[in-house]
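Dear colleague,

Please find below the structure that I am handing over to you, together with its sequence. My notes on selected features follow it.

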Amino acid sequence: MGSTLHAQPGAPKANDSTTPLHLLQPDYPIPYGQPKLEDVTGVLRRIYAYLEANTPTQLIDKETKKDLITGGAFNPNAIFKPGDFRLISYEWGVTYAGMLLATEATGDARYADYTNKRLQFIADQVPYFRNQVTADPKANTPMRAVLAPHALDDAGAMCAAMIKASRAGGVKANMRPMIDNYINYIQTKEFRLADGTLARNRPQPNTLWLDDLFMSVPALAQMGKLTGDRAYYNEAVKQVTQFSKRMFNQQKGLYMHGWVDGMTVHPEFHWARANGWGILTAVELLDVLPTDHPGRSAILDLLKAHAKGLAAQQSGSGFWHQLLDRHDSYLETSATAIYVYAFAHAINQGWLDPLAYAPATLLGWNAVSTKITEKGQIEGVCVGTGMGFDPAFYYYRPINVYAAHGYGPALLAGAEVIKLLKNKTFEINDSSLQLTLKK
C-alpha cells in the first residue's frame, strides 16, 4: 500500500530524480499525528451524553414498571430501572473513575456529576434494600453486590471509585460503610492460596486470574491513602509481587492471563484486556504508594518492563491485538484504551520516557477515537471473558457496543491524553510524529 504521484500533462516524469518521494502521504488506516484538544474533548462529550441518557437512576416495580420512591414502604419487586448498563459492576467502577478524571482534565463538572449522582443514588438504596439482602445474601437483588459481595469483581473497582469520589468531595453521602464492607470482603473473605495470594476456584481449583489484580489492589491502595494505614499498601504490594512472580514473562514483558497451582506447564495466553488490568493496577498503586515505601521501586520497575513489552506488540494501526503476541487475532478497543491511559499517565507522572512512549500513546488514542460512534457508543470491545487454555477461546470472543468494559477505559484515555497534550508539544519531523525537545 502506498501513494502514487501523477504528473500533469507535459510535466517532467515523477521519479526519484524529480520528486521528493519521502514527502508522499502514506495511506494510514487511522488519522496520524497529534490529535486536537477539541477533538479529544468531543469524544469524551459523546460518551458522556450517551451514558447520561442511558443509565438512569430510578427505582421501579419490575412487574408494573411504575416508579417507586426509595423512602416509601419496601417493595420486594423493586429493581433499578434498566438502562444499557448496570450501575453496580466492576466495569462501571472504572467508568465512575473515568468520569472523575474527565472533569479533572477538562474542568467540565458534568463528568464528575455523572459519578456523584449515581454513587449518591446507590448510597441512598442501602437502608431500603438492607433487610432484603440480609435475609438472602445470595439472591440476585439490586444491592446484593454492594451489601453482600461474593467475588472480587463485586468489590474492588467499585470500592476504589467510591474512595476516589469521597476524597474528591463531590458525594454528599457517607460512602464509608460501603467502602469498609468491600474492603472487608477483599481482606477476609476472598479465597487465597497458602501464601495469601488472592485466587479463585474456577475454572480450576487454586487459579490466579490476572484480572484480579485490578479487582483488589487499587481498592487496597486507595484505602491506604484514605486512612493512612500502611498495612493496606503492604498488602497491595504483596499481591502485585506474588502475582507477578508467577505470571509475568520477563522475556516478553507480558502477563499470562491465568495460572493454575499444580499445572506442570502453564499455557501462556497473553490476553490483551487482562494485561490492561495488570498495567492499570501498577499505575493506580504508584499514584498513592508513598515514595518511601520499600516496595515502590520494584513496582516502578515492573511498570517499565510491562510498558516496554506492550509497546513492542502495538499494531501499525495503533490498536493492540486480542492476544497480544498473536497478530492474526483481532484488534481490540478496550485494551488499547487502557494502554493509552496507562502510558499517558505514566508519562505525565515522569515514570516513562516521553520521547520513547508519547508517539505510540497518541497513535493508540487516534485508533480508539475511530471506534467512538456519533452516538457515543464504543465499537470493537471484547465481551466479558473467562479463562481458557486454547487459542480459539480468545480468538473468537464476540465484540459488542454493549460490552461495558470499553467505556471507563476510553474516558480515562481521553482525559489523560488531554493532560498529555497540555503538558507536552509535538511536531511532525520528516513525516513522523515526534515529541518536541528544546534544541
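Where is the place of glutamine 313? In this model, which is predicted, glutamine 313 is found in the loop that runs between helix H11 (296–311) and strand S8 (320–321). Its relative accessibility is 14%, so glutamine 313 counts as buried, the limit for that class being under 20%. The side chain of glutamine 313 forms a polar contact of 2.8 Å with the side chain of histidine 327. If neighbours within four places in sequence are left aside, the residues in contact with glutamine 313 are Leu254, Trp320, His321, Leu324, Asp325 and His327.

I turn now to two pairs of helices. Two packed helices are described by the angle between their axes and by the distance between those axes.

On the H1 side, the contact is made by Thr41, Leu44, Arg45, Tyr48, Leu51 and Glu52, and on the H3 side by Arg110, Tyr111, Tyr114, Lys117 and Arg118. By class, the residues of this contact of H1 with H3 are five nonpolar, one polar and five charged.

The other pair is formed by helix H2 (residues 90–106) and helix H5 (residues 152–168), which pack at an angle of about 20° with their axes 7 Å apart. H2 and H5 are therefore also roughly parallel to each other, and H2 passes H5 in a left-handed crossing. H2 contributes Tyr90, Trp92, Gly93, Val94, Tyr96, Ala97 and Leu100 to the contact, while H5 contributes Asp153, Ala157, Met158, Ala161, Lys164 and Ala165. The contact of H2 with H5 comprises 10 nonpolar residues, one polar residue and two charged residues.

With kind regards

Key
Residues numbered from 1 in each chain as written. Predicted model: local features only at pLDDT ≥ 70, side-chain atom pairs only at ≥ 80, totals over all residues. Heavy atoms only, no water. Contact = heavy atoms within 4.5 Å. Helix = DSSP H or I, 4+ residues; strand = E, 2+ residues; numbered from the N terminus. Nonpolar A, V, L, I, M, F, W, Y, C, P; charged D, E, K, R; others polar. Buried < 20%, exposed > 50% of the residue type's maximum accessible area, 1.4 Å probe, protein only. Polar contact = N/O pair within 3.5 Å; in protein donor to acceptor, adjacent residues only side chain to side chain. Axes fitted to C-alpha atoms, helices over the stretch in contact; angles between N-to-C directions. Parallel < 35°, antiparallel > 145°, perpendicular 65-115°, else oblique. Left-handed = near helix turned anticlockwise from the far one by under 90°.
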